[in-house]
Amino acid sequence: MRGLALALLFWAAPAAATQDAWPALFDVARVATGDTLNIRSGPGTGHAVIGTLDPNARDVEVIEPSPDHHWGLVNAGEGVGWVSLDFLDRQPGQWDGAIPPLAACFGTEPFWRLETGGRWRMETPESVLLDTPAPGLSGAPRIAAASPGRSGRTARSGPCRF
């Protein structure tokens, strides 16, 4: 019996590991140029239109799906509204437990730098603390960020760039 329970646990684990995470970023898709995607007051076409999204809108944050997973709750101005998920494409790499594609972080006092991409590297002026191939992530850009007086490109002013 114990063996059966373990077998069921291992059988179900891959499915649990790939569950979609919420909130998530989506891109508007399948909306004609010159048309808009309606944001509604409730999950269904019978609800009032309270806003719209352009046909080329990107990085639309869907907070949660409706119980039937046909509609997604989005921010709309000062409130929230519902958009048909038939017209949104989920951006890749957003399953439950996914690591966001961090490009580079840097800090001061003492100076340090962290880079991600094909390799993960963390260094200080004194030494390299980590230099290893990246774990199985895809699509993480590599942007170097340097401390003052060091060679490299500054990603932006601020502690991290995503």
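Tutor: We'll take the overall fold, then the core, then one arginine.

Tutor: This is a predicted model: local features need pLDDT of at least 70, side-chain atom pairs count only at pLDDT 80 or more, and totals for chains, interfaces and linings use all residues. Residues are numbered from 1 along each chain as its sequence is written, and side-chain values use heavy atoms, with hydrogens and water left out.

Student: How many helices and strands does the protein chain have?

Tutor: One helix and 12 strands. Those are DSSP runs, numbered from the N terminus: H or I of at least four residues for helices, E of at least two for strands.

Student: And what share of the protein chain counts as buried?

Tutor: 30% of its 162 residues. Buried means under 20% relative accessible area, with a 1.4 Å probe and protein chains only.

Student: Core next. Which residues touch the most other members of the largest nonpolar core?

Tutor: Val 28, Leu 37, Leu 53, Val 83 and Leu 88, out of 15 residues. Such a core is a set of buried Ala, Val, Leu, Ile, Met, Phe, Trp, Tyr and Cys residues joined through side-chain atoms within 4.5 Å. β1 gives the largest share, three residues.

Student: Now Arg 40. Where does Arg 40 lie?

Tutor: In strand β2, residues 37-40. Arg 40 is buried, yet has no salt bridge. That would take a side-chain nitrogen of Lys or Arg within 4 Å of a carboxyl oxygen of Asp or Glu. The nearest side chain of opposite charge, Asp 35, is 10 Å away.

Student: What does the side chain of Arg 40 reach, then?

Tutor: The backbone oxygen of His 47, at 2.7 Å.

Definitions and conventions:
Buried means under 20% relative accessible area, exposed over 50%, partly exposed in between (1.4 Å probe, protein chains only). Lys and Arg count as positive and Asp and Glu as negative; His and the chain ends are not counted. A polar contact is a pair of N or O atoms within 3.5 Å; within protein, one must be able to donate a hydrogen and the other to accept it, and residues adjacent in sequence count only if both atoms are side-chain atoms.
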